[in-house]
Amino acid sequence: MATRKDGPRLLAFDMDGTLLDGRVIYAVGQEFGFKSEVEEITKSADVPYERSQRVAKLLKGLRVSEFTSVVKAIPLMKNAVEAVTQLKNENFKIGIISDSYTLATEIIARKIEMDFHVANRLEVKNDVFTGCLKMPLGWEKIGCDCRQSVCKRYHLISLAKKYRVDMSNTVAVGDSSADRCMLENAGVGILFNPQVGYMMKNVDCTVRSKDLNLVLDCLP
Ligand SMILES: [Zn+2]
């Protein structure tokens, strides 16, 4: 674990399965009848950002309001608001770095009054999804091998620069392989309630419970 320096700090949460007790694309797929297609694509051997593009195509024809009403019904993770409030009191800039969609992250970021959110952008025409996805990427700029639609490491570094936070004072919290490059490169990487049997090397702390207050115990 990096030694904490004085000065401002920054904490980036993953959204699905971390800030939310649920996963947006699965909940939307469940509601509109394409959950098994999502599962199939998720398990496929395609490179990660191509999987994201394929999943976005499943949303083609859906109305924005149909999507956002499902997002709003997904419960927050236990103690999400309490943990964020506490972190703000400790001088953290706080937000979301997600490989889901900005239409979801902005709802959550606003609901719990966070400072930033980064995610994929779904193209919308006449209030309907076209199936096209605008991906922030970032791995191609820093040589990260994640090849995710959102390179969480790249965006953590960018946000740290923007808020003038030393990388040793950054914290990342996430639950899956999409979070790996961010968890490994943050000052403190916290694996949160991973699937049973899922391991990640080079993380500083693992929380094996659905309670975000326990993240606070991992901080220096
Ligand atoms: Zn990456």
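These entries note what I looked up on the zinc site and the nonpolar cores of a predicted model.

**Zinc site**

I started with the ligands of the zinc ion. The SG atoms of Cys144, Cys146, Cys151 and Cys181 coordinate the zinc ion, at 2.3 to 2.4 Å.

Next I checked the geometry. The angles between the four donor atoms run from 106 to 113 degrees, so the arrangement is tetrahedral. The cut-off I used asks that all angles lie between 85 and 135 degrees.

I then looked at the spacing in sequence. The donor residues follow the pattern C-x1-C-x4-C-x29-C. Cys144 sits in the loop between α7 (139-142) and α8 (152-162), while Cys181 belongs to helix α9 (residues 180-185); the pair therefore ties together parts 37 residues apart in sequence.

Are Cys144 and Cys181 buried or exposed? I find Cys144 at 7% relative accessibility, so Cys144 counts as buried. Cys181 has 8% relative accessibility and therefore counts as buried. The limit for buried is under 20%.

**Nonpolar cores**

I turned to the largest nonpolar core, which has 59 residues. Phe13, Leu59, Phe67 and Ile190 are the residues that touch the most other members. Which helix gives the most to this core? I find that helix α6 (residues 102-111) does, with five residues.

Definitions and conventions: Residues are numbered from 1 along each chain as its sequence is written. This is a predicted model: local features need pLDDT of at least 70, side-chain atom pairs count only at pLDDT 80 or more; totals for chains, interfaces and linings use all residues. Side-chain values use heavy atoms; hydrogens and water are left out. Donors are N, O and S atoms within 2.8 Å of the metal (3.2 Å for Na, K and Ca); water is not among the atoms, so sites may look incomplete. Four donors count as tetrahedral if all angles lie between 85 and 135 degrees; four count as square planar and six as octahedral if opposite donors are over 155 degrees apart and all others between 65 and 115; anything else is irregular. Helices (H or I, at least four residues) and strands (E, at least two) are DSSP runs, numbered from the N terminus. Buried means under 20% relative accessible area, exposed over 50%, partly exposed in between (1.4 Å probe, protein chains only). A nonpolar core is a set of buried Ala, Val, Leu, Ile, Met, Phe, Trp, Tyr and Cys residues joined through side-chain atoms within 4.5 Å.
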